[in-house]
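Today I look up aromatic rings and their contacts.

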Amino acid sequence: MTLSTWTIARIARLGPATARSVSVERDLPVTMTDGTVLLADRWFADGGDTGAPVVIVRTPYGRTQTDVIARLLAERGHTVVVQSCRGTFGSGGEFIPFFDEEQDGADLLTWLEAQSWATGEWLLFGVSYLGLTAWAMKRRSPRAIGAMALAVTSTDFRRAVIWPSGRFGLSNGISWRYGLRHQELTGIHLRRAQLLETRTIRAATRDGYAQDADIRAFGEPDQPYRSWLAHDDRDPWWDRIDFDGEGDSVPPLLQVAGWYDLFLDAQVDDYIRIRDAGRPVRLVIGPWVHGSLGLFTNALRETVELFTGARDRSDARIWFGGVRRWVNMPAYPPRNAPTRWSLGADGSLTQSGSEMPEGAAGERELPDDGSPAPAVGGRTLFRADAGRKDQRAREKRPDVLTYTTAPIEHDIAIAGWPTAQLAVAGSDGRPWFVRLCDVSPTGGSSNVCDGTVPASDDRDLRDEESGERRTVDIRLSPTAHVFRRGHRIRLQVSNDASPTYARVDAAARPRLVFSDTDGASGVDMPLVALRRGRRPSPTAGPR
(Lines give C-alpha, C1' and ligand atoms only; values in the text may rest on other atoms or scores of the structure.)
Protein backbone atom coordinates (compact mmCIF):
# COMPACT_ATOMS: atom_id res chain seq x y z
CA MET A 1 0.00 0.00 0.00
CA THR A 2 1.29 3.45 -0.92
CA LEU A 3 0.42 6.84 0.51
CA SER A 4 -1.50 7.76 -2.66
CA THR A 5 -3.64 4.60 -2.65
CA TRP A 6 -4.25 4.93 1.10
CA THR A 7 -5.39 8.54 0.60
CA ILE A 8 -7.66 7.80 -2.36
CA ALA A 9 -9.12 4.76 -0.59
CA ARG A 10 -10.02 7.03 2.33
CA ILE A 11 -11.56 9.71 0.08
CA ALA A 12 -13.52 7.14 -1.93
CA ARG A 13 -14.55 5.26 1.23
CA LEU A 14 -13.28 1.93 -0.07
CA GLY A 15 -13.23 -1.14 2.09
CA PRO A 16 -9.95 -2.31 3.63
CA ALA A 17 -7.19 -3.72 1.45
CA THR A 18 -6.62 -7.46 1.62
CA ALA A 19 -3.02 -7.26 0.43
CA ARG A 20 -0.37 -5.06 2.01
CA SER A 21 1.85 -5.03 -1.06
CA VAL A 22 1.47 -5.59 -4.79
CA SER A 23 3.82 -6.10 -7.72
CA VAL A 24 3.68 -5.02 -11.34
CA GLU A 25 5.15 -6.52 -14.51
CA ARG A 26 5.63 -3.82 -17.13
CA ASP A 27 5.62 -3.91 -20.93
CA LEU A 28 4.38 -7.46 -21.46
CA PRO A 29 4.25 -8.08 -25.25
CA VAL A 30 0.91 -9.32 -26.62
CA THR A 31 0.83 -10.24 -30.31
CA MET A 32 -2.34 -9.43 -32.26
CA THR A 33 -3.74 -11.50 -35.12
CA ASP A 34 -2.11 -9.21 -37.70
CA GLY A 35 1.30 -9.52 -36.02
CA THR A 36 1.24 -6.13 -34.29
CA VAL A 37 2.64 -6.22 -30.76
CA LEU A 38 0.75 -4.30 -28.06
CA LEU A 39 2.18 -3.73 -24.59
CA ALA A 40 0.44 -4.50 -21.30
CA ASP A 41 1.13 -4.22 -17.57
CA ARG A 42 0.08 -6.84 -15.03
CA TRP A 43 -0.67 -5.91 -11.41
CA PHE A 44 -1.12 -8.57 -8.73
CA ALA A 45 -1.05 -9.01 -4.97
CA ASP A 46 2.17 -10.37 -3.53
CA GLY A 47 1.85 -13.83 -2.07
CA GLY A 48 0.58 -15.90 -4.94
CA ASP A 49 -2.52 -16.43 -7.09
CA THR A 50 -5.74 -15.45 -5.31
CA GLY A 51 -8.01 -17.13 -7.83
CA ALA A 52 -9.95 -13.91 -8.29
CA PRO A 53 -11.22 -12.87 -11.76
CA VAL A 54 -8.88 -10.75 -13.85
CA VAL A 55 -9.77 -7.07 -14.29
CA ILE A 56 -9.03 -5.90 -17.84
CA VAL A 57 -8.45 -2.30 -18.90
CA ARG A 58 -7.60 -1.22 -22.44
CA THR A 59 -6.58 2.41 -22.92
CA PRO A 60 -5.12 4.79 -25.52
CA TYR A 61 -4.07 7.29 -22.82
CA GLY A 62 -1.05 5.54 -21.31
CA ARG A 63 -0.94 2.69 -18.82
CA THR A 64 0.57 4.80 -16.06
CA GLN A 65 -2.60 6.91 -16.05
CA THR A 66 -4.40 3.89 -14.55
CA ASP A 67 -1.67 2.89 -12.08
CA VAL A 68 -3.61 4.08 -9.03
CA ILE A 69 -6.78 2.24 -10.07
CA ALA A 70 -4.82 -0.92 -10.89
CA ARG A 71 -2.96 -0.84 -7.59
CA LEU A 72 -6.14 -0.24 -5.56
CA LEU A 73 -7.84 -3.22 -7.22
CA ALA A 74 -4.74 -5.40 -6.79
CA GLU A 75 -4.65 -4.48 -3.10
CA ARG A 76 -8.15 -5.95 -2.91
CA GLY A 77 -7.12 -9.29 -4.39
CA HIS A 78 -7.54 -8.81 -8.13
CA THR A 79 -5.06 -9.36 -10.92
CA VAL A 80 -5.30 -6.33 -13.21
CA VAL A 81 -4.13 -6.23 -16.82
CA VAL A 82 -3.81 -2.82 -18.47
CA GLN A 83 -3.07 -2.76 -22.19
CA SER A 84 -2.18 0.23 -24.39
CA CYS A 85 -4.26 0.45 -27.56
CA ARG A 86 -2.35 0.08 -30.81
CA GLY A 87 -0.25 3.05 -31.80
CA THR A 88 -0.12 4.49 -28.28
CA PHE A 89 2.55 4.49 -25.55
CA GLY A 90 4.81 1.80 -26.97
CA SER A 91 2.21 -0.43 -28.64
CA GLY A 92 2.82 -1.05 -32.32
CA GLY A 93 0.64 -0.02 -35.24
CA GLU A 94 -1.37 3.16 -35.80
CA PHE A 95 -4.09 4.43 -33.51
CA ILE A 96 -7.24 4.89 -35.58
CA PRO A 97 -10.00 5.67 -33.08
CA PHE A 98 -12.76 3.07 -32.67
CA PHE A 99 -12.24 0.55 -35.43
CA ASP A 100 -9.48 -1.77 -34.13
CA GLU A 101 -10.76 -2.26 -30.60
CA GLU A 102 -13.02 -5.27 -31.17
CA GLN A 103 -10.37 -7.46 -32.80
CA ASP A 104 -7.56 -6.27 -30.52
CA GLY A 105 -9.70 -6.92 -27.44
CA ALA A 106 -10.49 -10.43 -28.66
CA ASP A 107 -6.77 -11.08 -29.25
CA LEU A 108 -5.96 -9.94 -25.71
CA LEU A 109 -8.52 -12.40 -24.31
CA THR A 110 -6.95 -15.20 -26.38
CA TRP A 111 -3.56 -14.33 -24.89
CA LEU A 112 -4.96 -14.19 -21.35
CA GLU A 113 -6.53 -17.64 -21.68
CA ALA A 114 -3.03 -19.07 -22.19
CA GLN A 115 -1.59 -17.51 -19.01
CA SER A 116 -1.18 -19.78 -16.00
CA TRP A 117 -2.17 -17.00 -13.58
CA ALA A 118 -5.46 -16.18 -15.37
CA THR A 119 -8.67 -17.67 -13.95
CA GLY A 120 -10.77 -17.61 -17.11
CA GLU A 121 -13.30 -15.12 -15.77
CA TRP A 122 -12.89 -11.51 -16.75
CA LEU A 123 -14.09 -8.25 -15.25
CA LEU A 124 -14.06 -5.16 -17.47
CA PHE A 125 -13.39 -1.63 -16.24
CA GLY A 126 -13.57 1.46 -18.41
CA VAL A 127 -14.02 5.22 -18.28
CA SER A 128 -14.78 7.24 -21.45
CA TYR A 129 -12.89 5.65 -24.39
CA LEU A 130 -11.82 2.81 -22.09
CA GLY A 131 -15.53 2.00 -21.85
CA LEU A 132 -15.76 1.66 -25.62
CA THR A 133 -12.88 -0.84 -25.58
CA ALA A 134 -14.81 -2.78 -22.92
CA TRP A 135 -18.00 -2.85 -25.00
CA ALA A 136 -15.95 -4.01 -28.00
CA MET A 137 -14.40 -6.83 -25.95
CA LYS A 138 -17.77 -7.87 -24.55
CA ARG A 139 -19.19 -8.31 -28.06
CA ARG A 140 -16.66 -11.07 -28.80
CA SER A 141 -16.81 -12.95 -25.47
CA PRO A 142 -20.08 -12.21 -23.61
CA ARG A 143 -20.11 -15.51 -21.68
CA ALA A 144 -16.64 -15.04 -20.22
CA ILE A 145 -17.32 -11.56 -18.83
CA GLY A 146 -18.38 -11.71 -15.19
CA ALA A 147 -19.24 -8.02 -14.76
CA MET A 148 -18.58 -4.59 -16.28
CA ALA A 149 -17.94 -1.33 -14.39
CA LEU A 150 -18.19 1.60 -16.78
CA ALA A 151 -18.27 5.36 -16.29
CA VAL A 152 -19.07 8.27 -18.62
CA THR A 153 -19.09 6.18 -21.77
CA SER A 154 -21.53 4.69 -24.27
CA THR A 155 -22.11 1.83 -26.65
CA ASP A 156 -22.28 4.34 -29.52
CA PHE A 157 -19.65 7.09 -29.72
CA ARG A 158 -21.20 8.31 -32.97
CA ARG A 159 -24.26 9.79 -31.23
CA ALA A 160 -22.61 10.41 -27.86
CA VAL A 161 -19.47 12.28 -28.92
CA ILE A 162 -19.11 12.97 -32.64
CA TRP A 163 -22.70 13.60 -33.79
CA PRO A 164 -24.69 14.23 -30.59
CA SER A 165 -28.40 14.61 -31.38
CA GLY A 166 -27.54 14.59 -35.08
CA ARG A 167 -25.37 17.72 -34.93
CA PHE A 168 -21.58 17.69 -35.26
CA GLY A 169 -19.89 17.95 -31.85
CA LEU A 170 -17.31 20.56 -32.80
CA SER A 171 -15.73 21.16 -29.39
CA ASN A 172 -15.81 17.43 -28.61
CA GLY A 173 -13.94 16.56 -31.78
CA ILE A 174 -11.28 19.27 -31.56
CA SER A 175 -10.77 18.84 -27.79
CA TRP A 176 -10.32 15.08 -28.05
CA ARG A 177 -7.96 15.27 -30.98
CA TYR A 178 -5.92 18.00 -29.24
CA GLY A 179 -5.39 15.75 -26.24
CA LEU A 180 -4.53 12.69 -28.32
CA ARG A 181 -2.05 14.59 -30.52
CA HIS A 182 -0.13 15.97 -27.53
CA GLN A 183 -0.45 13.28 -24.86
CA GLU A 184 2.92 11.59 -25.48
CA LEU A 185 4.91 14.79 -25.17
CA THR A 186 7.08 15.10 -22.09
CA GLY A 187 8.46 17.78 -19.81
CA ILE A 188 8.20 21.39 -20.89
CA HIS A 189 6.65 20.46 -24.25
CA LEU A 190 3.72 18.73 -22.57
CA ARG A 191 3.30 21.58 -20.09
CA ARG A 192 3.26 24.13 -22.89
CA ALA A 193 0.59 22.15 -24.79
CA GLN A 194 -1.54 21.99 -21.65
CA LEU A 195 -1.24 25.72 -21.05
CA LEU A 196 -2.22 26.53 -24.64
CA GLU A 197 -5.08 24.04 -24.89
CA THR A 198 -8.05 26.26 -23.99
CA ARG A 199 -6.78 29.23 -26.00
CA THR A 200 -6.07 27.06 -29.06
CA ILE A 201 -9.44 25.31 -29.04
CA ARG A 202 -11.30 28.56 -28.45
CA ALA A 203 -9.53 30.25 -31.39
CA ALA A 204 -10.08 27.26 -33.69
CA THR A 205 -13.82 27.06 -32.96
CA ARG A 206 -14.68 30.74 -32.41
CA ASP A 207 -16.69 31.13 -35.63
CA GLY A 208 -18.61 27.90 -34.95
CA TYR A 209 -17.79 26.26 -38.27
CA ALA A 210 -16.44 22.70 -38.31
CA GLN A 211 -14.80 22.90 -41.73
CA ASP A 212 -11.03 23.47 -41.36
CA ALA A 213 -11.23 23.82 -37.57
CA ASP A 214 -8.52 21.14 -37.46
CA ILE A 215 -6.19 23.31 -39.53
CA ARG A 216 -6.88 26.27 -37.28
CA ALA A 217 -6.12 24.16 -34.22
CA PHE A 218 -3.18 22.04 -35.42
CA GLY A 219 -1.80 23.84 -38.47
CA GLU A 220 -2.57 20.85 -40.71
CA PRO A 221 -5.45 18.53 -41.61
CA ASP A 222 -6.24 15.92 -38.96
CA GLN A 223 -7.36 12.73 -40.68
CA PRO A 224 -9.54 11.22 -37.93
CA TYR A 225 -11.35 14.54 -37.46
CA ARG A 226 -11.94 14.83 -41.20
CA SER A 227 -13.31 11.29 -41.43
CA TRP A 228 -15.82 12.03 -38.66
CA LEU A 229 -16.94 15.19 -40.41
CA ALA A 230 -17.29 13.35 -43.73
CA HIS A 231 -19.62 10.68 -42.26
CA ASP A 232 -22.72 12.04 -40.58
CA ASP A 233 -24.76 10.23 -37.93
CA ARG A 234 -26.88 8.42 -40.56
CA ASP A 235 -23.90 7.03 -42.46
CA PRO A 236 -23.48 3.19 -42.28
CA TRP A 237 -19.74 3.86 -41.93
CA TRP A 238 -20.33 4.01 -38.16
CA ASP A 239 -22.35 0.81 -37.81
CA ARG A 240 -19.37 -1.44 -37.08
CA ILE A 241 -18.64 0.43 -33.84
CA ASP A 242 -22.24 0.58 -32.66
CA PHE A 243 -22.41 -1.88 -29.74
CA ASP A 244 -25.98 -1.21 -28.57
CA GLY A 245 -27.74 -4.20 -30.13
CA GLU A 246 -26.93 -6.83 -27.50
CA GLY A 247 -28.79 -5.78 -24.36
CA ASP A 248 -29.96 -9.28 -23.46
CA SER A 249 -26.37 -10.61 -23.24
CA VAL A 250 -24.90 -7.85 -21.05
CA PRO A 251 -23.31 -9.15 -17.82
CA PRO A 252 -24.00 -7.43 -14.46
CA LEU A 253 -23.28 -3.80 -15.21
CA LEU A 254 -22.47 -0.58 -13.37
CA GLN A 255 -23.09 2.70 -15.18
CA VAL A 256 -21.74 5.93 -13.63
CA ALA A 257 -22.78 9.16 -15.35
CA GLY A 258 -22.67 12.92 -14.83
CA TRP A 259 -25.44 15.46 -15.38
CA TYR A 260 -22.99 17.68 -17.27
CA ASP A 261 -21.05 14.95 -19.04
CA LEU A 262 -21.15 14.62 -22.83
CA PHE A 263 -22.11 10.91 -22.63
CA LEU A 264 -25.19 11.45 -20.45
CA ASP A 265 -27.95 11.16 -23.05
CA ALA A 266 -26.57 8.07 -24.77
CA GLN A 267 -25.51 6.45 -21.49
CA VAL A 268 -28.96 6.71 -19.91
CA ASP A 269 -30.46 5.32 -23.13
CA ASP A 270 -28.05 2.37 -22.78
CA TYR A 271 -29.13 1.87 -19.18
CA ILE A 272 -32.85 1.81 -20.03
CA ARG A 273 -32.39 -0.58 -22.94
CA ILE A 274 -30.33 -3.01 -20.82
CA ARG A 275 -32.69 -2.71 -17.84
CA ASP A 276 -35.71 -3.39 -20.05
CA ALA A 277 -33.94 -6.49 -21.40
CA GLY A 278 -34.04 -7.86 -17.84
CA ARG A 279 -30.33 -7.60 -17.13
CA PRO A 280 -28.94 -6.45 -13.74
CA VAL A 281 -27.71 -2.86 -14.10
CA ARG A 282 -27.02 -0.14 -11.54
CA LEU A 283 -27.07 3.53 -12.50
CA VAL A 284 -25.35 6.34 -10.60
CA ILE A 285 -25.68 9.95 -11.81
CA GLY A 286 -23.96 12.82 -10.03
CA PRO A 287 -23.42 16.57 -10.63
CA TRP A 288 -20.25 16.01 -12.62
CA VAL A 289 -18.51 17.07 -15.80
CA HIS A 290 -16.15 14.77 -17.66
CA GLY A 291 -13.07 14.19 -15.51
CA SER A 292 -14.47 15.44 -12.18
CA LEU A 293 -12.75 14.19 -9.03
CA GLY A 294 -16.12 13.28 -7.54
CA LEU A 295 -16.88 11.19 -10.61
CA PHE A 296 -13.61 9.30 -10.20
CA THR A 297 -14.00 8.54 -6.48
CA ASN A 298 -17.65 7.51 -6.77
CA ALA A 299 -16.95 5.30 -9.79
CA LEU A 300 -14.03 3.68 -7.97
CA ARG A 301 -16.09 2.90 -4.87
CA GLU A 302 -18.98 1.51 -6.91
CA THR A 303 -16.55 -0.59 -8.99
CA VAL A 304 -14.98 -2.19 -5.92
CA GLU A 305 -18.44 -2.96 -4.54
CA LEU A 306 -19.48 -4.59 -7.83
CA PHE A 307 -16.30 -6.61 -8.32
CA THR A 308 -16.05 -7.84 -4.71
CA GLY A 309 -19.74 -8.13 -3.77
CA ALA A 310 -23.14 -9.05 -5.14
CA ARG A 311 -23.52 -8.65 -8.90
CA ASP A 312 -27.29 -8.83 -9.28
CA ARG A 313 -28.06 -5.29 -8.15
CA SER A 314 -30.52 -3.29 -10.25
CA ASP A 315 -31.29 0.15 -8.88
CA ALA A 316 -30.35 3.80 -9.23
CA ARG A 317 -28.61 6.41 -7.09
CA ILE A 318 -29.48 9.86 -8.38
CA TRP A 319 -28.25 13.33 -7.40
CA PHE A 320 -31.02 15.95 -7.38
CA GLY A 321 -29.81 19.44 -8.19
CA GLY A 322 -31.39 22.39 -6.45
CA VAL A 323 -31.52 20.56 -3.12
CA ARG A 324 -28.09 18.87 -3.39
CA ARG A 325 -29.41 15.50 -2.33
CA TRP A 326 -28.79 11.87 -3.23
CA VAL A 327 -31.94 9.81 -3.78
CA ASN A 328 -31.99 6.01 -4.06
CA MET A 329 -34.72 4.59 -6.30
CA PRO A 330 -35.57 1.26 -7.94
CA ALA A 331 -35.05 2.68 -11.42
CA TYR A 332 -34.52 5.93 -13.28
CA PRO A 333 -36.58 7.81 -14.22
CA PRO A 334 -39.17 7.23 -11.50
CA ARG A 335 -42.87 7.22 -12.30
CA ASN A 336 -43.84 10.77 -13.17
CA ALA A 337 -46.61 12.90 -14.57
CA PRO A 338 -45.51 15.29 -17.34
CA THR A 339 -46.96 18.77 -16.91
CA ARG A 340 -47.31 21.28 -19.73
CA TRP A 341 -45.90 24.81 -19.55
CA SER A 342 -46.82 27.18 -22.40
CA LEU A 343 -44.61 29.82 -24.00
CA GLY A 344 -45.99 33.33 -24.28
CA ALA A 345 -45.01 35.96 -26.83
CA ASP A 346 -44.36 38.29 -23.88
CA GLY A 347 -41.63 35.93 -22.65
CA SER A 348 -43.83 34.23 -20.07
CA LEU A 349 -43.77 30.54 -19.17
CA THR A 350 -47.12 29.48 -17.74
CA GLN A 351 -48.21 26.13 -16.29
CA SER A 352 -51.08 24.38 -18.06
CA GLY A 353 -54.40 25.28 -16.47
CA SER A 354 -53.18 28.66 -15.29
CA GLU A 355 -54.39 31.86 -16.89
CA MET A 356 -51.85 33.19 -19.37
CA PRO A 357 -50.80 36.81 -18.88
CA GLU A 358 -52.30 39.53 -21.05
CA GLY A 359 -50.19 39.90 -24.16
CA ALA A 360 -48.98 36.29 -24.13
CA ALA A 361 -50.68 35.47 -27.43
CA GLY A 362 -48.75 36.33 -30.56
CA GLU A 363 -45.38 35.60 -32.07
CA ARG A 364 -41.70 36.33 -31.51
CA GLU A 365 -38.92 36.74 -33.99
CA LEU A 366 -35.59 34.96 -33.60
CA PRO A 367 -32.96 37.12 -35.29
CA ASP A 368 -29.46 36.25 -36.45
CA ASP A 369 -26.86 38.84 -35.48
CA GLY A 370 -24.10 37.21 -37.55
CA SER A 371 -22.19 35.46 -34.76
CA PRO A 372 -23.26 32.15 -33.20
CA ALA A 373 -24.76 32.18 -29.72
CA PRO A 374 -22.15 30.70 -27.33
CA ALA A 375 -22.87 27.48 -25.46
CA VAL A 376 -21.89 28.77 -21.98
CA GLY A 377 -22.11 25.51 -20.05
CA GLY A 378 -23.69 22.14 -20.68
CA ARG A 379 -22.49 18.72 -21.79
CA THR A 380 -19.19 18.93 -23.65
CA LEU A 381 -15.65 17.56 -23.53
CA PHE A 382 -14.30 21.14 -23.72
CA ARG A 383 -13.75 21.87 -20.03
CA ALA A 384 -13.95 25.66 -20.43
CA ASP A 385 -17.60 25.34 -21.51
CA ALA A 386 -18.68 22.27 -19.52
CA GLY A 387 -20.94 22.21 -16.51
CA ARG A 388 -23.22 24.56 -14.65
CA LYS A 389 -22.61 28.16 -15.74
CA ASP A 390 -24.09 31.62 -15.22
CA GLN A 391 -26.47 32.19 -18.14
CA ARG A 392 -27.19 35.90 -17.73
CA ALA A 393 -24.83 37.17 -20.44
CA ARG A 394 -26.12 34.57 -22.91
CA GLU A 395 -29.73 35.47 -22.15
CA LYS A 396 -29.11 39.14 -23.01
CA ARG A 397 -28.29 38.28 -26.62
CA PRO A 398 -30.99 39.14 -29.21
CA ASP A 399 -30.62 35.71 -30.81
CA VAL A 400 -31.52 33.90 -27.55
CA LEU A 401 -35.21 34.06 -26.62
CA THR A 402 -36.19 33.42 -23.00
CA TYR A 403 -39.47 32.35 -21.41
CA THR A 404 -39.71 32.66 -17.63
CA THR A 405 -42.25 31.78 -14.95
CA ALA A 406 -43.28 33.99 -12.09
CA PRO A 407 -41.60 33.05 -8.78
CA ILE A 408 -42.92 29.60 -7.94
CA GLU A 409 -44.93 29.14 -4.74
CA HIS A 410 -43.70 25.64 -3.83
CA ASP A 411 -40.82 23.32 -4.70
CA ILE A 412 -41.15 21.65 -8.12
CA ALA A 413 -39.17 18.43 -8.63
CA ILE A 414 -38.56 16.94 -12.07
CA ALA A 415 -36.85 13.69 -13.07
CA GLY A 416 -36.55 12.34 -16.59
CA TRP A 417 -36.59 13.98 -20.02
CA PRO A 418 -38.24 17.38 -20.45
CA THR A 419 -39.48 17.86 -24.01
CA ALA A 420 -40.07 21.11 -25.86
CA GLN A 421 -42.38 21.81 -28.78
CA LEU A 422 -41.85 24.91 -30.91
CA ALA A 423 -44.47 26.09 -33.38
CA VAL A 424 -42.40 27.67 -36.14
CA ALA A 425 -42.67 29.21 -39.59
CA GLY A 426 -40.39 30.94 -42.08
CA SER A 427 -37.80 28.17 -41.98
CA ASP A 428 -34.33 28.94 -43.27
CA GLY A 429 -32.57 25.65 -42.54
CA ARG A 430 -31.22 26.44 -39.09
CA PRO A 431 -31.20 23.92 -36.24
CA TRP A 432 -32.82 24.51 -32.83
CA PHE A 433 -31.34 24.55 -29.33
CA VAL A 434 -33.36 24.82 -26.11
CA ARG A 435 -32.15 24.98 -22.52
CA LEU A 436 -33.96 24.73 -19.18
CA CYS A 437 -32.60 27.02 -16.45
CA ASP A 438 -33.10 27.67 -12.73
CA VAL A 439 -33.34 31.37 -11.86
CA SER A 440 -32.57 32.28 -8.26
CA PRO A 441 -34.43 34.99 -6.29
CA THR A 442 -31.44 37.30 -6.87
CA GLY A 443 -31.66 36.85 -10.66
CA GLY A 444 -28.82 34.39 -11.26
CA SER A 445 -29.66 31.93 -14.03
CA SER A 446 -27.97 28.51 -14.22
CA ASN A 447 -28.41 25.77 -16.80
CA VAL A 448 -30.13 22.53 -15.77
CA CYS A 449 -30.42 20.57 -19.02
CA ASP A 450 -30.69 21.21 -22.75
CA GLY A 451 -31.40 19.62 -26.10
CA THR A 452 -31.08 20.22 -29.82
CA VAL A 453 -32.29 19.04 -33.22
CA PRO A 454 -30.40 19.43 -36.50
CA ALA A 455 -31.69 21.37 -39.47
CA SER A 456 -32.15 18.05 -41.28
CA ASP A 457 -34.94 17.05 -38.89
CA ASP A 458 -36.93 20.01 -40.17
CA ARG A 459 -35.92 19.55 -43.81
CA ASP A 460 -38.87 17.50 -45.00
CA LEU A 461 -41.36 19.93 -43.48
CA ARG A 462 -39.84 23.14 -44.75
CA ASP A 463 -42.05 25.37 -46.88
CA GLU A 464 -40.26 28.67 -47.29
CA GLU A 465 -42.94 30.26 -49.45
CA SER A 466 -46.12 29.61 -47.49
CA GLY A 467 -44.78 30.21 -43.99
CA GLU A 468 -47.12 27.49 -42.77
CA ARG A 469 -46.84 26.83 -39.06
CA ARG A 470 -45.62 23.42 -37.87
CA THR A 471 -44.22 21.92 -34.67
CA VAL A 472 -40.60 20.97 -33.98
CA ASP A 473 -40.16 18.48 -31.12
CA ILE A 474 -36.97 18.60 -29.05
CA ARG A 475 -36.03 16.14 -26.30
CA LEU A 476 -33.82 17.71 -23.66
CA SER A 477 -31.18 15.68 -21.84
CA PRO A 478 -32.33 13.72 -18.79
CA THR A 479 -32.19 15.48 -15.44
CA ALA A 480 -33.18 15.34 -11.78
CA HIS A 481 -33.67 18.78 -10.29
CA VAL A 482 -35.75 20.65 -7.73
CA PHE A 483 -36.74 24.24 -8.47
CA ARG A 484 -37.04 25.77 -5.01
CA ARG A 485 -39.87 27.96 -3.77
CA GLY A 486 -39.20 31.56 -4.79
CA HIS A 487 -37.09 30.54 -7.80
CA ARG A 488 -38.23 30.88 -11.39
CA ILE A 489 -38.07 28.39 -14.26
CA ARG A 490 -36.71 29.62 -17.57
CA LEU A 491 -36.54 28.14 -21.07
CA GLN A 492 -34.01 29.48 -23.58
CA VAL A 493 -34.59 29.12 -27.33
CA SER A 494 -31.84 29.70 -29.89
CA ASN A 495 -30.36 28.25 -33.04
CA ASP A 496 -26.78 27.90 -31.87
CA ALA A 497 -24.82 26.65 -28.87
CA SER A 498 -21.31 27.11 -30.20
CA PRO A 499 -18.84 25.42 -30.19
CA THR A 500 -20.62 22.49 -28.52
CA TYR A 501 -22.50 22.08 -31.80
CA ALA A 502 -21.12 23.20 -35.14
CA ARG A 503 -22.79 26.17 -36.77
CA VAL A 504 -24.99 25.61 -39.81
CA ASP A 505 -25.01 27.99 -42.78
CA ALA A 506 -28.46 29.50 -43.25
CA ALA A 507 -30.16 32.40 -44.94
CA ALA A 508 -30.23 35.68 -43.05
CA ARG A 509 -34.04 35.72 -42.91
CA PRO A 510 -35.21 35.03 -39.35
CA ARG A 511 -37.42 32.23 -38.22
CA LEU A 512 -40.57 32.96 -36.30
CA VAL A 513 -41.51 31.25 -33.05
CA PHE A 514 -45.27 31.35 -32.52
CA SER A 515 -46.63 31.41 -28.98
CA ASP A 516 -50.33 31.58 -28.37
CA THR A 517 -53.14 30.44 -26.14
CA ASP A 518 -53.59 27.06 -27.86
CA GLY A 519 -50.33 25.94 -26.23
CA ALA A 520 -48.68 24.94 -29.51
CA SER A 521 -45.32 26.07 -28.17
CA GLY A 522 -44.35 24.79 -24.75
CA VAL A 523 -42.30 22.43 -22.64
CA ASP A 524 -43.44 19.25 -20.89
CA MET A 525 -41.65 18.70 -17.59
CA PRO A 526 -41.71 15.27 -15.86
CA LEU A 527 -42.83 16.13 -12.32
CA VAL A 528 -42.12 13.74 -9.45
CA ALA A 529 -42.87 13.71 -5.74
CA LEU A 530 -39.68 13.95 -3.71
CA ARG A 531 -40.03 12.97 -0.08
CA ARG A 532 -39.27 15.67 2.39
CA GLY A 533 -36.36 15.01 4.68
CA ARG A 534 -33.45 16.57 6.41
CA ARG A 535 -31.23 18.49 4.06
CA PRO A 536 -27.96 16.62 3.58
CA SER A 537 -24.93 17.93 5.36
CA PRO A 538 -22.01 19.17 3.24
CA THR A 539 -20.20 15.86 3.79
CA ALA A 540 -23.18 13.88 2.48
CA GLY A 541 -22.77 15.18 -1.05
CA PRO A 542 -20.57 13.86 -3.84
CA ARG A 543 -16.90 13.69 -3.06
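The entries below cover ring pairs, then charges over rings.

I am working with a predicted model: local features need pLDDT of at least 70, side-chain atom pairs count only at pLDDT 80 or more, and totals for chains, interfaces and linings use all residues. Residues are numbered from 1 along each chain as its sequence is written, and side-chain values use heavy atoms, with hydrogens and water left out.

Entry: ring pairs. I looked up the aromatic pairs and found 22. Rings of Phe, Tyr and Trp (its six-membered ring) pair if their centres lie within 6.5 Å; planes under 30 degrees apart are stacked, over 60 edge-to-face, the rest tilted. Phe-98 and Trp-238 have ring centres 6.1 Å apart and planes at 55°, so I log the pair as tilted. Phe-98 is in the loop between strand E4 and helix H3, Trp-238 in the loop between helix H9 and strand E7, 140 residues apart. Helices (H or I, at least four residues) and strands (E, at least two) are DSSP runs, numbered from the N terminus.

Entry: burial. Buried means under 20% relative accessible area, exposed over 50%, partly exposed in between (1.4 Å probe, protein chains only). Phe-98 is buried at 1%, and Trp-238 is buried at 0%.

Entry: cluster. Ring pairs link a cluster that includes Phe-98, Trp-238, Tyr-129 and Phe-263.

Entry: charges over rings. The criterion is NZ of Lys or CZ of Arg within 6 Å of the ring centre and within 35 degrees of the ring normal. I find the charged end of Arg-317 over the ring of Trp-326, 3.9 Å from its centre. Arg-364 lies over the face of Tyr-403, at 4.8 Å from the ring centre.
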